[in-house]
Amino acid sequence: MRAKSLLFGAVFLCLCSLSVTSQVVTKVACTEYLASWLYSDGKARAFIFNTATGHVEITPYDLGGRKVVDISTGFNRITLLDDQGYVWLNNGGSSNGAARFNTDATGAAFNNNVSIYGYFYTYLSIRSDGTIWYWGGDDYKFYGGTAVSAPTKLNQPAGVKFVKLATGNSLLGLTSTGDVYEWDKGSTKFTKVSLPRPATDVAASHMAFNVAVVPDNIATSTMGYPYAWGSESPYWGGDGTSYPMTNPQALKTLWKMSAPINKITANQNVIHFIDAN
């Protein structure tokens, strides 16, 4: 009987170990001094100093029992999206706590968000109806550089559903139909980028250049080749010429590409992409 009990205990411990180790990281959010990892168990974890033990430990953020479905960053900030569509903010430091943004600028519940983004001390989201919402430090100076205390619906084209944003020197928005819109700093005016065909992904850099992935035929494949525009063309291999959003440059030949792009992103002065291979 004792042998059976020991065997059961060993199996139980093994299963517990497998349960823990089977969790995988599904997304990483990085900022200057902070990083967070979203796990497949619906928890976002980070290295946080535990005052009780005196050690830095991988600790889940406390969202009152809600599961996390998306994470993003600002400047030393971690934003988290829960399974009810609410956005939470952790200000870094030695706490795993987070504060929820409960209402938007109209006083309505600020739920039904589906994706979140950050730019320095400014936060953005896309809600289930495809609208873009904006709040925080107003680093884009859309509202004169004055902090926007409650999430506010950004000026955007009517009847358009956005599916992705890219934050950089300009703000880019990708629509469900593959159109790309750009907002430049200092004004909420938006402009549609002139691309040859619908896009499937976008990336924006802090160095004033932007990239869109444009498939040859979106009906057969969502992967495509990059088109770039902006004033800092040397960062994507250009000759220094400034290319407006009315004249994006095809980069397939310049980059000597043999396979289309699946996903693309950009940071300060670097472009990263995953191709079909």
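I looked up Thr-122 in this predicted model and found it buried, with a relative accessible area of 0%. Because buried means under 20% relative accessible area, Thr-122 at 0% falls in that class.

I noted that Thr-122 lies in strand β10, which covers residues 122-127. Leaving out residues up to four places away in sequence, I listed what Thr-122 touches: Tyr-117, Tyr-134, Trp-135, Gly-136, Gly-137, Asp-138 and Asp-139. For Asp-138 I also recorded a polar pairing: a polar atom of the Thr-122 side chain lies 3.1 Å from the backbone nitrogen of Asp-138.

Next I turned to the pockets.

How much space lies in the largest pocket? I have about 970 Å³ for the largest pocket. Its lining has 29 residues, and those nearest the centre are Thr-73, Gly-118, Thr-167, Thr-265 and Ala-266. I sorted the lining of the largest pocket by class and got 16 nonpolar, ten polar and three charged residues. I then checked which strands contribute: β1 (25-30), β5 (68-73), β9 (113-119), β13 (162-167), β17 (201-204) and β21 (261-266) each supply at least two residues of that lining.

For the second largest pocket I wrote down about 160 Å³ of space. I found 13 residues lining the second largest pocket, with Gly-42, Lys-43, Tyr-61, Gly-65 and Arg-66 nearest its centre. By class, the lining of the second largest pocket holds five nonpolar, three polar and five charged residues.

Terms used
Residues are numbered from 1 along each chain as its sequence is written. This is a predicted model: local features need pLDDT of at least 70, side-chain atom pairs count only at pLDDT 80 or more; totals for chains, interfaces and linings use all residues. Side-chain values use heavy atoms; hydrogens and water are left out. On a 1 Å grid over the protein atoms alone, a cavity is a set of points where a 1.4 Å probe fits but cannot get out, and a pocket is an open set with protein on both sides within 12 Å along at least five of seven lines; lining residues have an atom within 4 Å of a point. Grid points are joined across faces, edges and corners, and a volume is the space filled by probe spheres set on the points. Helices (H or I, at least four residues) and strands (E, at least two) are DSSP runs, numbered from the N terminus. Ala, Val, Leu, Ile, Met, Phe, Trp, Tyr, Cys and Pro count as nonpolar, Asp, Glu, Lys and Arg as charged, and the others, Gly among them, as polar. Buried means under 20% relative accessible area, exposed over 50%, partly exposed in between (1.4 Å probe, protein chains only). A polar contact is a pair of N or O atoms within 3.5 Å; within protein, one must be able to donate a hydrogen and the other to accept it, and residues adjacent in sequence count only if both atoms are side-chain atoms. Contact means heavy atoms within 4.5 Å.
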